[in-house]
Amino acid sequence: MGIVIVGAGVGGLTAALSLHAAGFRDITVYERVGTLRPLGVGINLLPHAVRELTELGLGERMAALGVAPGTLAYYNRHGQEIWSEPRGLAAGYQWPQLSVHRGGLQMELLAAVRERLGADAVRTGHRLVAAEPSGVARFQTAAGEVTVHAELIVGADGIHSALRRRHRPDEGAPVWNGLTLWRGTSRAPGFLDGRTMIMAGDAQQKFVAYPIGDAINFIAERRTDGPGAGDADWNRAIDPAPIVELFRDWQFPWLDVPGLLSAADEILEYPMVDRDPIDQWTYGRTTLLGDAAHPMYPNGSNGASQAILDARTLAYHLATARSTDEALAAYENDRRPATTALVLSNRRQGPEQVMVLAHERAPEGFAHIHDVVSPTELTEIATGYKKAAGFHPDALNTRPSLSPPAATRSLDPLEAAS
């Protein structure tokens with residue numbers, strides 16, 4: 001018996017790579033869809049996530065996927081700067097921040113899993129229908145039902161996790177906050193210095209843009225009646241024209257927002273949803289990871305990064321604890337309180353609070369931002385979020401590695417820890 005990972009997204013694939021690097025060899029990833037394709041648009045890997053992928057030997061491969069932004073800047077809806085800060089290496093981190101295409105990242109992780117764990121390590125077309133705390137999982141396939149006996153089952157199957165639903169059958173649909181997102185990429189000229197990520201707007205309407213490769217990734221957001229939380233699907237394409245009209249007046253000297261929206265090949269609609277934090281991830285020999293454990297609003301660009309941290313932390317504890325049960329308890333103790341705080345912080349806008357304050361105090365704009373929001377407030381919001389999310393440079397640069405010491409590994413560490 002080995003380790004079963006449910007879900008071949010960023011979290012599940014990183015978990016497979018992390019467990020393999022920690023000495024585990026019997027690892028299989030089961031994915032619901034029949035064919036994995038590079039879906040989605042841009043995401044940001046923050047320095048704490050890039051550190052973990054670098055320690056997995058993937059640093060150069062990750063860097064080749066996108067752009068390392070040097071600056072993050074917040075503006076109001078009139079294009080006036082509220083706050084700007086260096087990012088990645090420019091901010092004193094030992095690792096960069098990377099803006100990449102989510103599908104490209106997933107495909108690179110998939111390739112690495114198949115290279116290191118074998119071509120059969122990821123099995124597609126397997127939909128989880130049951131998972132027991134004893135470690136028995138049942139999957140539905142085109143050929144019928146398959147039963148798998150595992151020492152550990154890791155649910156990395158996203159916001160609609162079947163494993164989470166097994167233990168919380170009455171949880172219902174994700175929680176929608178009334179905001180709708182429209183995401184896409186455009187082939188368009190760069191803006192500012194070509195390596196800046198911008199966020200403009202307030203709590204009612206916002207626009208985010210940053211370069212990924214030779215394209216610009218964008219997120220347009222507005223409070224609307226929207227499609228509703230039950231339809232959380234990143235891949236619903238919609239007509240761009242109404243979205244362009246919503247942002248018709250957002251033409252800044254340094255960025256033409258309606259022009260960027262008009263240039264998109266496709267715009268995908270998604271309601272901004274999360275789930276309430278839960279008080280338990282682990283049941284017997286099953287546990288949760290990533291969006292299955294703690295789906296959060298994308299404020300602060302932390303979803304994928306937190307899934308990567310989950311994966312690395314789980315592998316570290318499984319390799320170093322005296323028993324599997326002790327390892328799972330340590331993993332949940334490390335990650336659940338931290339991600340609970342982050343989910344709640346993101347509901348309060350996370351670091352984007354600076355835009356909310358500027359709009360509340362000066363909805364028509366300002367002569368100087370410090371007339372309406374003090375430097376101390378701005379700094380405290382930015383620093384506080386970095387600390388809560390685990391990527392303040394001082395803490396990250398000095399934190400011990402999550403790669404388990406070689407001396408703790410064995411040929412079959414899971415059996416040794418059982």
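I began with N44, which counts as buried because its relative accessibility is 5% (buried means under 20% relative accessible area with a 1.4 Å probe, protein chains only). This is a predicted model: local features need pLDDT of at least 70, side-chain atom pairs count only at pLDDT 80 or more, and totals for chains, interfaces and linings use all residues. Residues are numbered from 1 along each chain as its sequence is written, and side-chain values use heavy atoms, without hydrogens and water.

I placed N44 in strand 3, residues 42-45 (strands are DSSP E runs of at least two residues, helices H or I runs of at least four, numbered from the N terminus). Which side chains does the N44 side chain meet in polar contacts? I found Q97 at 3.0 Å and S99 at 2.7 Å (a pair of N or O atoms within 3.5 Å, one able to donate a hydrogen and the other to accept it). Beyond four places in sequence, N44 also has contacts that include P69, M197 and Y210 (heavy atoms within 4.5 Å).

Next I checked helix 9, residues 324-347. Its 24 residues should span 34 Å at 1.5 Å a residue, and its end C-alpha atoms are 34 Å apart, so the two agree (the expected span is 1.5 Å times one less than the number of residues). Among its buried residues I noted Y331, E332 and R335. Q349 follows helix 9 and has a positive phi, near 85°.

Last, I took helix 8, residues 303-320, whose axis comes within 8 Å of that of helix 9 and crosses it at roughly 155° (axes are lines fitted to C-alpha atoms over the stretch in contact, with angles from 0 to 180 degrees between N-to-C directions). The two helices are therefore roughly antiparallel (over 145 degrees). Their contact includes L309 and L314 of helix 8 and L328 and Y331 of helix 9.

Terms used: Buried < 20%, exposed > 50% of the residue type's maximum accessible area, 1.4 Å probe, protein only. Parallel < 35°, antiparallel > 145°, perpendicular 65-115°, else oblique.
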